[in-house]
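Thanks for coming, everyone. Let me put the model on the screen, and then we can walk through it.

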Amino acid sequence: MIIKSSLTLSLLIVSTVGILSHFSTDSFAQTPATTTCDPNAQTLVKGNTGEIVVTLQNLLVEDGYMDRHFVDGDFGPGTEAAVKQFQTDNSLTADGIVGPATWDILCSTAVSSPSNETSGLMNCAGDIAATSCPAETLQTPESSVYKQITAPLDIADSIYSAHKTKFLGSKNISSTPYLVTEEHYSDRGILKGVGNVTNNQTYISTYLSDELIQSTGNGTIATQDGESIAWINSALGRPVNGTWVFNEIILFNNTQSKSLALLNNSLGLVKSTSGNGSDYIWLLN
């Protein structure tokens, strides 16, 4: 049985008409405005992953110990450093282990996002930003495009996962005004309902800064018996805990392959990690 993501198609529509450049690495780990905190949650250590880590990271964001760009559900070195600083500031043992004592203080300091009436930064008449304005001039802040995402994507719902990536080479296309490269990769992964497949990929990547890569890609997913389907995508990459993480929109072509027919003309979301990190694809309804 193939499980498709329940994310609304509006996310894809907004992205493909020009707001893809607004995506950040937390687009795949965004939570509702209010972070639910359980002081009796499981103990977390470096290496843990999943929704409970997303909750931890969002609490650290709310307390000012992490940037929202680094919310990815992976308890890595950056999250560990943030936890240790939080523990130090709250007179706890700074061991980076999120146990009962740490959870208790995290939950006691958890706050909801400011409401429209009490937001700390309002726009007054004349587009002047201030922390306080006369009541009659307060304007409601614009809603964020990210509010369309109400929960992190669940790895269990992904239709494709790859854990082995082979780098096949790259070449420089241009060095001005930005470095532009052509890169080739081959993934070995598992496609639900099909089994082992190979995903051959080519990306044209523009290095806009040390913190942002914009890419367009194309490739082919092929089964062991020679069936295949082509795809194209658009991606943005940002460094997360020292590793480049890419958020992508992917469009599958039409295919006569019976085993790959589930991907015919499908749209999806991709989260991929450079090197031998895991790659995942979720189909959109």
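Start with two helices, α2 and α3. They cross in a left-handed sense. This is a predicted model, by the way. Helix α2 covers residues 51–62, and helix α3 covers residues 77–89. Two numbers describe any packed pair of helices: the angle between the axes and the distance between them. Here the axes cross at roughly 55° and come within 11 Å. Angles from 65 to 115 degrees would count as roughly perpendicular, and angles under 35 as roughly parallel. So α2 and α3 are oblique to each other.

Which residues in α2 and α3 meet? From α2 we have Leu 56, Gln 57 and Leu 60. From α3 we have Thr 79, Ala 82, Val 83 and Phe 86. Sorted by class, that contact has five nonpolar residues, two polar ones and no charged ones.

Now helix α4, residues 100–109. Which residues in α4 are buried? They are Thr 102, Trp 103, Ile 105, Leu 106 and Cys 107. Helices α2 and α3 are among the parts that cover them.

Keep your eye on Cys 107. Cys 107 forms a disulfide with Cys 37. The two sulfur atoms sit 1.8 Å apart. The cut-off for calling a disulfide is 2.5 Å, and the count by that rule is one. The link between Cys 37 and Cys 107 is left-handed, with -75° about the S-S bond. What does the pair tie together? Cys 37 is in the loop between α1 and α2, and Cys 107 is in α4, so the bond joins parts that are 70 residues apart in sequence. Both Cys 37 and Cys 107 are buried.

Let me zoom out. The chain has four helices and 10 strands. Of the 285 residues, 41% are buried. Take the contacts with a separation of 6 or more: 51% of them are between residues 24 or more positions apart.

The one to show you now is Asn 199, in strand β5, residues 195–209. Is Asn 199 buried or exposed? Its relative accessible area is 5%, so Asn 199 is buried. What does Asn 199 touch, beyond residues up to four places away in sequence? The list is Tyr 160, Tyr 185, Ser 186, Asp 187, Thr 220, Ile 221 and Trp 231.

The other is Glu 182, in strand β4, residues 179–191. Its relative accessible area is 19%. Buried means under 20%, so Glu 182 counts as buried. Setting aside residues up to four places away, Glu 182 touches Gly 169, Ser 170, Lys 171, Ile 173, Thr 202, Tyr 203 and Ile 204. Thr 216 is 34 residues from Glu 182 along the chain, and their C-alpha atoms are separated by 9.9 Å.

Next, some backbone details. Most peptide bonds are trans, and most residues other than glycine have a negative phi. Where does this model depart from that?

Pro 177 is in the loop between β3 and β4.

Another is Ser 91. Its phi is positive, near 60°. Ser 91 lies in the loop between α3 and α4. With 71% relative accessibility, Ser 91 counts as exposed.

Then there is Asn 265. Asn 265 is not a glycine, yet its phi is positive, about 50°. You will find Asn 265 in the loop between β8 and β9. At 53% relative accessibility, Asn 265 is exposed.

Stay in that loop for one more residue, Asn 254. Asn 254 is partly exposed, at 43% relative accessible area. What is Asn 254 in contact with, leaving aside neighbours within four places? Asn 264 and Asn 265. Ile 229 is 25 residues from Asn 254 along the chain, with 7.0 Å between the two C-alpha atoms.

That is the tour. Over to you for questions.

Technical notes
Residues are numbered from 1 along each chain as its sequence is written. This is a predicted model: local features need pLDDT of at least 70, side-chain atom pairs count only at pLDDT 80 or more; totals for chains, interfaces and linings use all residues. Side-chain values use heavy atoms; hydrogens and water are left out. Buried means under 20% relative accessible area, exposed over 50%, partly exposed in between (1.4 Å probe, protein chains only). Contact means heavy atoms within 4.5 Å. Axes are lines fitted to C-alpha atoms, for helices over the stretch in contact, and angles run from 0 to 180 degrees between N-to-C directions. Angles under 35 degrees count as roughly parallel, over 145 as roughly antiparallel, 65 to 115 as roughly perpendicular and the rest as oblique. A crossing is left-handed if the near helix is turned anticlockwise from the far one by less than a right angle, and right-handed if clockwise. Ala, Val, Leu, Ile, Met, Phe, Trp, Tyr, Cys and Pro count as nonpolar, Asp, Glu, Lys and Arg as charged, and the others, Gly among them, as polar.
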